[in-house]
Amino acid sequence: MKRFSTLAVLRSPPERLFGAMRDRLPELAESLSDVEQIEELERSELIDSVLVVNRWRARQSVPAFLQSRLGGSAIHWIDRAHWFEDRHQCTWTIEPSIGEGAITCSGTTSFSPAMGGPGTRATFEGELNIDPLFLSSIVGAFQTPVKTLVESI
């Protein structure tokens, strides 16, 4: 298990950033250098939250020599995000297209006031699990590049 955490302080109120991330994520893909497309697949408005399912497509692809082991050439993943407006928080899971169930990732994104109120502290934290048997099935020198590729996604 690899835990991760990132903090960004942005000059926009939490309500605005939360709403943009929840409702306009596909539009934000244009400004992400390593993401080709974000496509909303499903949206469910619940009583106290919103469930959104997106497909992310990376600009990079799996190197040819690893495609058969990783299950394809395209890198994409399904993001299942549960958005709670009352606490400006999102819990999410990611299902990558490579690794056939050997890779799991989940976490939380939180938006809270910063800079005396006009800004936002966006906290992104979670954990990534890569099945050791999956990594050990990859021949010697390729284990580290595959692990690095998966972690970067």
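Which side chain makes a polar contact with the side chain of Asp79? I opened the notebook with that one, and the partner is Trp56, at 3.2 Å. A reminder to myself before going on: this is a predicted model.

**Entry 1: the whole chain**

I started by counting elements and found five helices and seven strands. Walking along the sequence, I wrote down the pattern β-α-α-β-β-α-β-β-β-β-α-α. The chain has 153 residues, and 35% of them count as buried. I also looked at how far contacts reach: of those with a separation of 6 or more, 48% join residues 24 or more positions apart.

I placed Asp79 in strand β4, which covers residues 74-84. Asp79 is buried, and I found no salt bridge for it. The nearest side chain of opposite charge belongs to Arg80, 8.4 Å away. That distance rules out a salt bridge, because the pair would have to lie within 4 Å. I then listed the contacts of Asp79 beyond its neighbours within four places in sequence: Leu25, Val52, Val53, Asn54, Trp56, Trp92 and Thr93.

**Entry 2: Ser49**

Next I checked the loop between β2 (35-45) and β3 (50-61), where Ser49 sits. Is Ser49 buried or exposed? I get a relative accessible area of 5%, so Ser49 counts as buried. The side chain of Ser49 makes a polar contact with the side chain of His82, at 2.7 Å. Leaving out residues up to four places away in sequence, Ser49 touches Ser44, His82, Trp83 and Phe84.

**Entry 3: Phe18**

Phe18 belongs to helix α1, residues 14-23. Phe18 is buried, because its relative accessible area is 1%, and the cut-off is under 20%. Which residues does Phe18 touch, not counting those up to four places away in sequence? I noted Trp83, Phe84, Glu85, His88, Gln89 and Phe111. Trp83 and Phe84 were also on my list for Ser49. For Glu85 I looked up the C-alpha atoms as well: the one of Phe18 is 7.8 Å from that of Glu85, although the two residues are 67 apart along the chain.

Leu7, Val9 and Met115 make a nonpolar surface patch of about 270 Å². Val9 lies in strand β1, residues 2-10. I put Val9 down as partly exposed because its relative accessibility is 47%.

Terms used:
Residues numbered from 1 in each chain as written. Predicted model: local features only at pLDDT ≥ 70, side-chain atom pairs only at ≥ 80, totals over all residues. Heavy atoms only, no water. Helix = DSSP H or I, 4+ residues; strand = E, 2+ residues; numbered from the N terminus. Buried < 20%, exposed > 50% of the residue type's maximum accessible area, 1.4 Å probe, protein only. Lys, Arg positive; Asp, Glu negative; His and termini not counted. Polar contact = N/O pair within 3.5 Å; in protein donor to acceptor, adjacent residues only side chain to side chain. Contact = heavy atoms within 4.5 Å. Patch = residues over 30% accessible without salt bridge, like charges linked within 9 Å, V, L, I, M, F, W, Y side chains within 5 Å. Areas by Shrake-Rupley, 256 points an atom, 1.4 Å probe, with all protein chains shown as cover.
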